[in-house]
Amino acid sequence: PAMSPVTENPRPACQDTPAALISSAPAAAGADPAAAAHPAAGATGGSALSRADDLPAPDKARLEKLRSCLKNCGSMVVALSGGVDSCTLAFVAAEVLGAGALAVTAVSALLPDGELEDARALTARAGLNHLCVTTCELDDPDIAANNRERCYYCKRLRFKKLCALARARGFRYVADGSNLDDEKDYRPGMR
């Protein structure tokens, strides 16, 4: 995976962090951006990651590597969709960075019914800092054209907004929870 600071010229860091793909997010206007169980799962008490002792050794090692990488970031905005991957990343970022982690959900007509409520419930239950921002993807003609590259244009628009938010609030990185399996499919939003 690649991670970049919120700067004009993103540079890769933590290239081999296997637990989550942390995407590039350049801050310049007009620039192109590039686990285990569910983190809030478990009505039996504690989060999935608080039970990390139950993980197989390779997964424990991956989790520790992710924690180490996040610690080196200092602060991070995590694009939170409400899915397992972004929730896992948001939870570990909050565990490692405390107030230096902020989960942000993009709210628009493209957000499937129920996902905002899921994201809010999960972040509240896990005690994560969470913010919702409004995005208007369908106002962008590249996205509204609904062509093969729509995911790229959508992610670019969202990450521009997240980078602006990160800069305004003093966060050093913007990340998402894409996973390595995503690289096997055609995913224009990953570039």
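Colleague: Which exposed residues does the face of α1 turned away from its buried side carry?
Modeller: That face carries A57, K71 and N72. Exposed stands for over 50% relative accessible area, buried for under 20%, and partly exposed for what lies in between, using a 1.4 Å probe and protein chains only. Helices (H or I, at least four residues) and strands (E, at least two) are DSSP runs numbered from the N terminus. Please keep in mind that this is a predicted model, where local features need pLDDT of at least 70, side-chain atom pairs count only at pLDDT 80 or more, and totals for chains, interfaces and linings use all residues. Residues are numbered from 1 along each chain as its sequence is written, and side-chain values use heavy atoms, with hydrogens and water left out.

Colleague: And which residues of α1 are buried?
Modeller: In α1 the buried residues are L63, L66, R67, C69, L70 and C73. Seen down the helix axis they fall within an arc of 165°, so they line one face of α1; the arc is taken from the directions that run from the helix axis to the C-beta atoms. An α-helix has 3.6 residues a turn, so residues three or four places apart point the same way.

Colleague: What do those buried residues pack against?
Modeller: The buried residues of α1 pack against β1, α2 and β4, where contact means heavy atoms within 4.5 Å. L66, which has its place in α1, is buried with a relative accessible area of 1%, and its C-alpha atom is separated by 9.6 Å from that of V96, 30 residues apart along the chain.

Colleague: Since you mention α5, how far does it reach from its first C-alpha to its last?
Modeller: α5 has 20 residues and reaches 29 Å, close to the 28 Å expected at 1.5 Å a residue; the expected span is 1.5 Å times one less than the number of residues in the helix. The buried residues of α5 include Y152, Y153, F159, L162 and L165, and what covers the buried residues of this helix includes β1, β2, β3, α4 and β4.

Colleague: Changing topic, which residues of the largest nonpolar core touch the most other members?
Modeller: Of its 22 residues, they are L70, M76, V78, L80, L89, A90 and A93. A nonpolar core is a set of buried Ala, Val, Leu, Ile, Met, Phe, Trp, Tyr and Cys residues joined through side-chain atoms within 4.5 Å. At least two residues of this core come from each of α1, β1, α2, β2, α3 and β4, and α2 gives the largest share, seven residues. Apart from this core lies another, of twelve residues, among them V77, A79, L102 and V133.

Colleague: How many salt bridges does the structure hold?
Modeller: The structure holds six, a salt bridge being a side-chain nitrogen of Lys or Arg within 4 Å of a carboxyl oxygen of Asp or Glu. One of them joins E95 and R67, with the closest N and O atoms 2.7 Å apart. E95 lies in α2 and R67 in α1, so the pair ties together parts that are 28 residues apart in sequence. E95 is partly exposed at 39% relative accessible area, whereas R67 is buried at 17%. E64, R67 and E95 are linked in a network of salt bridges.

Colleague: What about R158, which residue is its salt-bridge partner?
Modeller: R158 forms a salt bridge with E137, the closest N and O atoms being 2.6 Å apart. This pair links distant parts of the chain, with R158 in α5 and E137 in the loop between β3 and α4, 21 residues apart. R158 is partly exposed, with a relative accessible area of 25%, but E137 counts as buried at 1%.

Colleague: Finally, what pLDDT does the protein chain average?
Modeller: The average is 75, and 66% of the residues score at least 70, pLDDT being the predictor's confidence in each residue, from 0 to 100. Over residues 8-48 pLDDT stays under 50, and the model has 120 contacts beyond four places in sequence for them.
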